[in-house]
Amino acid sequence: WQTENGVLLPSLQSALPFLDLHGTPRLEFHQSVFDELREKLLERVSAIALEGKVEERYKKLEDLLEKSFSLVKMPSIQPVVMCVMKHLPKVPEKKLKLVMADKDLYKACAVEVKRQIWQDNQALFGDEVSPLLKQYILEKENILFSNEISVLNNFFSPSPKARRQGEVVQKLTQMIGKNVKLYDMVLQFLRTLFLRTRNVHYCTLRAELLMSLHDLEISEICTVDPCHKFTWCLDACIREKFVDNKRARELQGFLDGVKKGQEQVLGDLSMILCDPFAINTLALSTIRHLQDLVGQDTLPRESPDLLLLLRMLSLGQGAWDMIDSQVFKEPKMEVELITKFLPMLMSFVVDDHTFNVDQKLPSEEKGPIPYPSTIPEAFTKFLQDNRIACEIGLYYILHITKQRNKNAFLRLLPALVETFSDLAFGDIFLHLLTGNLTLLGDEFALEEFCTSLFDGFFLTACSRKENVHRHVLRLLLHLHHKVAPAKLESLQKALEPNKQSGEPVKELYNQLTEKLELRKPSPAEVTETPSMELPLPTVPTPASR
């Protein structure tokens with residue numbers, strides 16, 4: 001039996017007794033031969049998949065699969081069967097069903113085989129993708145609530161290319177491969193989740209995924225996604241954090257080029273523009289344009305570049321409504337936004353310039369000119385009623401905070417208490433604002449500044465919005481040493497978590513309490529403070545020793 005079933009090599013028979021002399025069992029010998037042969041077979045399968053005519057090579061692999069599939073559950077043979085399936089562009093339906101029905105086989109098969117299973121089984125694909133999407137949203141929220149507060153390193157700091165190297169984007173890219181059907185499914189999941197949750201991070205993932213496939217030059221998908229060139233151009237703008245004239249014209253060309261009957265593409269374009277990274281770039285560019293217009297004595301309505309930025313902001317901000325209503329047409333721009341609101345913002349810029357010039361002029365008879373403290377009622381109303389005005393207004397406030405312009409900040413802050421759908425209490429704005437406020441650190445020692453910022457703004461929403469509570473605690477963790485002790489004490493009381501508060505708030509509050517405890521002087525020091533009025537204790541002189 002051994003002779004019939006062993007390795008039939010005449011020269012081997014005389015060599016085997018040597019192994020016996022070394023105490024090597026035959027099993028070990030046969031196992032190593034088997035492993036070696038399996039490696040050779042795997043190499044051969046990979047080679048067959050690349051050589052000869054397409055029909056012939058796949059015919060060979062199909063025959064091999066037919067012969068070997070019955071042994072697929074044998075751990076030693078399984079890698080060969082899986083390798084054959086991996087190299088077949090179309091595994092027979094019957095075999096795919098058997099793999100799908102067996103959890104262990106499904107787990108063991110290559111992603112190339114899973115793609116063939118997924119494309120006809122949306123529910124199973126959804127189960128695979130869902131945890132990745134949850135992980136992605138969680139990662140974004142962790143960055144927004146990170147304890148590290150900095151102007152230089154914030155949510156928008158990583159470049160688009162660096163973001164695309166993230167684990168989730170890479171995994172999804174690999175799962176999709178070149179399969180257009182799977183790509184469409186992922187986009188459908190993202191649209192559905194965006195509609196269900198209004199979470200704009202799904203829009204970021206939509207753009208990142210497309211650009212990740214673009215990086216890998218997967219033309220099978222890029223050529224069929226009508227948003228590809230638009231996203232590619234916008235991606236370059238996001239990288240520079242500015243929309244220059246040349247790219248503005250390109251983007252306008254794509255928007256103007258949407259033909260009749262293809263309006264549905266606006267739904268996808270609006271989702272790409274709703275990505276916070278796109279909104280950030282468009283809003284920063286808008287603020288920069290407005291400053292340029294002040295220097296040129298030009299009105300907003302006379303700047304085509306500015307009007308295009310507003311058009312794209314409007315399309316991005318209207319993404320949810322458009323996908324929800326399935327009415328694919330660009331939202332109408334409110335004329336007053338251009339004729340009243342933007343000139344009002346420009347007048348704030350002029351106020352700053354005027355005030356700065358006045359400060360430098362020698363004051364003879366007249367006393368110092370105070371900084372304008374009132375804000376036009378119309379400004380507050382625009383922030384409450386118009387989404388685009390609110391977005392631009394918030395970015396203007398971020399801009400003046402970054403410039404350490406305390407006067408302008410305190411002047412406009414009251415307008416933030418009530419904004420369009422509470423945008424001023426959104427995580428992205430508060431994340432950026434807390435970062436920029438670190439530049440005004442020294443102002444936190446002033447009662448007036450703290451009262452305006454905390455009592456007048458943050459604390460108005462803390463009790464009803466847990467995220468605001470978290471952001472205030474983040475800010476205080478970073479700047480508590482700058483705040484006047486009396487104010488800090490009252491803030492500590494006001495920010496104490498209640499029974500409804502979530503774990504993150506309680507944890508942040510405990511961290512803050514610990515930090516404040518460490519800063520308190522020890523009791524010994526406190527009791528010794530008044531001893532200045534008591535007679536000085538006698539100190540022995542060196543001579544009396």
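Modeller: I begin with the lining of the largest cavity, whose residues divide into 7 nonpolar, 1 polar and 5 charged. The model is predicted, so local features need pLDDT of at least 70 and side-chain atom pairs pLDDT 80 or more, while totals for chains, interfaces and linings use all residues. Residues are numbered from 1 along each chain as its sequence is written, and side-chain values use heavy atoms, without hydrogens or water.

Colleague: What makes a space a cavity or a pocket?

Modeller: On a 1 Å grid over the protein atoms alone, a cavity holds points where a 1.4 Å probe fits but cannot get out; a pocket is an open set with protein on both sides within 12 Å along at least five of seven lines, and lining residues have an atom within 4 Å of a point. The structure holds 4 cavities of 30 Å³ or more. The largest cavity contains about 110 Å³ of space, a volume being the space filled by probe spheres set on grid points joined across faces, edges and corners.

Colleague: Which residues lie nearest the centre of the largest cavity?

Modeller: Ala207, Met211, Asp235, Ile238 and Asp275 do, out of 13 lining residues. Two or more residues each come from α10 (160-163), α13 and α15 (228-240), and α15 gives the largest share, 4 residues. These helices are DSSP runs (H or I, at least four residues; strands are E, at least two), numbered from the N terminus.

Colleague: What lines the second largest cavity?

Modeller: Phe156, Pro158, Pro160, Arg163, Ile238, Lys241, Phe277, Asn280 and Thr281 line that space, which amounts to about 50 Å³. Its largest share, 3 residues, comes from α18.

Colleague: How many residues line the largest pocket?

Modeller: There are 48, with Val200, Gln317, Arg387, Ser421 and Leu423 nearest the centre. Its volume is about 1,300 Å³, and its lining has 23 nonpolar, 12 polar and 13 charged residues. The second largest pocket has about 500 Å³ and 20 lining residues, including Asn154, Lys241 and Asn280. There α18 gives the most, 5 residues.

Colleague: Why are α26 and α27 called oblique to each other?

Modeller: The axes of α26 (residues 447-462) and α27 (residues 466-479) come within 7 Å and cross at roughly 140°. Axes are lines fitted to C-alpha atoms, for helices over the stretch in contact, with angles from 0 to 180 degrees between N-to-C directions. Angles under 35 degrees are roughly parallel, over 145 roughly antiparallel, 65 to 115 roughly perpendicular, and the rest oblique. The helices α26 and α27 are therefore oblique. The contact comprises 9 nonpolar, 1 polar and 1 charged residues.

Colleague: Where is confidence lowest, and where is it highest?

Modeller: Helix α30 (residues 523-528) is lowest, at a mean pLDDT of 47, and helix α13 (residues 201-215) highest, at 97, where pLDDT is the predictor's confidence in each residue, from 0 to 100. Over residues 524-537 pLDDT stays under 50, and the model has 1 contact beyond four places in sequence for them. The chain mean is 88, with 94% of residues at 70 or more.

How values were computed:
Nonpolar A, V, L, I, M, F, W, Y, C, P; charged D, E, K, R; others polar. Contact = heavy atoms within 4.5 Å.
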